[in-house]
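Dear colleague,

Please find below the structure that I am handing over to you, followed by a summary of what was found in it.

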Amino acid sequence: MSIHLDIYSPIQQIHDELFAAKGIEVFIKRDDMIHPLISGNKWRKLKYILQKARDEAKTQLVTFGGAYSNHLLATAAVAAKFGFNSTGFVRGEEVQNDTLFMCRLHGMQIIFTDRDSYRDKPALFTQYFGGDINAFFIDEGGASTEAAKGCSELIGELTEPYQHIFCACGTGTTAAGLINGIVQHHLNTRFNAISVFKNGGFIKVEIDKYLSSPVDYDLHLHYHFCGYAKTTPDLIGFIKQFVGKTGILIEPVYTAKMMYAIYDLAAKDHFQPGSRILAIHTGGLLGLLGMREKF
Ligand SMILES: *Cc1c(COP(=O)(O)O)cnc(C)c1O
């Protein structure tokens, strides 16, 4: 069985009085529509990792994540779809939630790991799978050159020019891949990375690690809303308004922070009139269910 999904990721315009008043056009690439669970950047990141595992005749995917990790869930779903077994090491003490329920439903074996042991992932892998020639190590978040390569392919799907492309960053691998794609296709497009971490300056190092050549881009550090997976009433209010007005679901950890940044920068005249701006919807919508009580 070859490692392939037919990609459905249309680009839709987001209409808003603010954008009209500023003379700009904003679009969103719906990578969230690629698959309900292997969604957004997670399919693009896993594609060549899976191909490598298949080429090496591995049958057991082993990876790592927090209890709400979209990467863990995508790995479980992709393993089930393409005939791999899967194991997920989960940081912290034993919990139950929607993400882990869905991981298990897709056949993933979950191993809860205390925070100290979790830090050394290669050691965990060796401890549990050292003698298992079928096991294949996938780093937390799928961070790898294979992942960046998969993400760079998104740029080849664009048929119109954009002055700006926006994407939210966790490990920064997706951002690096998109930047590489922009360079490969010789596009005159400014890349904008949104850090979802407080003090997210370190993301620049992570992005630069996977760049095929040094490139200038904007890393926006002020849209973290108190830090990773944190929210504020302002962000929650924005999500309600955005979803209600557009019918496009976004979630608080990544995509809402990116969309908020675009609205805020538009209001502050960051964009030249006439600009076309593309947001990448990186998916992760199951994360909404874990944040019900915040709404
Ligand atoms: C994982 C994830 C990201 C971050 O991708 P990185 O390649 O780790 O930067 C962004 N958005 C969503 C919805 C995600 O699940």
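A charge is taken to sit over a ring if NZ of Lys or CZ of Arg is within 6 Å of the ring centre and within 35 degrees of the ring normal. Please note that this is a predicted model. The charged end of K81 sits over the ring of F82, 5.8 Å from its centre. K42 has its charged end over the ring of Y254, at 5.9 Å from the centre of that ring.

K42 also belongs to the surroundings of the ligand: 15 residues surround the ligand, and K42, N70, T171, T174 and T282 are the closest. By class, these shell residues divide into three nonpolar, ten polar and two charged. Helix 2 gives the largest share of the shell, three residues.

One lies 2.6 Å from an N or O atom in the side chain of T174. For the side chain of K45, the corresponding distance is 2.8 Å, and a polar backbone atom of G172 is 2.9 Å from a ligand oxygen. The protein covers 97% of the 390 Å² of accessible area that the ligand has on its own.

Turning to the aromatic residues, the count comes to 20 aromatic pairs. In one of them, the ring centres of F64 and Y118 are 6.4 Å apart and the planes stand at 75°, so the pair is edge-to-face. This pair links distant parts of the chain, with F64 in strand 3 and Y118 in helix 5, 54 residues apart. F64 counts as buried, at 0% relative accessibility, and Y118 counts as buried at 3%. Ring pairs also link F19, Y223, F225, F238, F242, Y260 and Y263 into a cluster.

With kind regards

Terms used:
Residues are numbered from 1 along each chain as its sequence is written. This is a predicted model: local features need pLDDT of at least 70, side-chain atom pairs count only at pLDDT 80 or more; totals for chains, interfaces and linings use all residues. Side-chain values use heavy atoms; hydrogens and water are left out. Rings of Phe, Tyr and Trp (its six-membered ring) pair if their centres lie within 6.5 Å; planes under 30 degrees apart count as stacked, over 60 as edge-to-face and the rest as tilted. Helices (H or I, at least four residues) and strands (E, at least two) are DSSP runs, numbered from the N terminus. Buried means under 20% relative accessible area, exposed over 50%, partly exposed in between (1.4 Å probe, protein chains only). A residue is near a molecule or strand if one of its heavy atoms lies within 4 Å of it. A polar contact is a pair of N or O atoms within 3.5 Å; within protein, one must be able to donate a hydrogen and the other to accept it, and residues adjacent in sequence count only if both atoms are side-chain atoms. Accessible areas come from the Shrake-Rupley method with a 1.4 Å probe; for residues, only the protein chains shown count as cover. Ala, Val, Leu, Ile, Met, Phe, Trp, Tyr, Cys and Pro count as nonpolar, Asp, Glu, Lys and Arg as charged, and the others, Gly among them, as polar.
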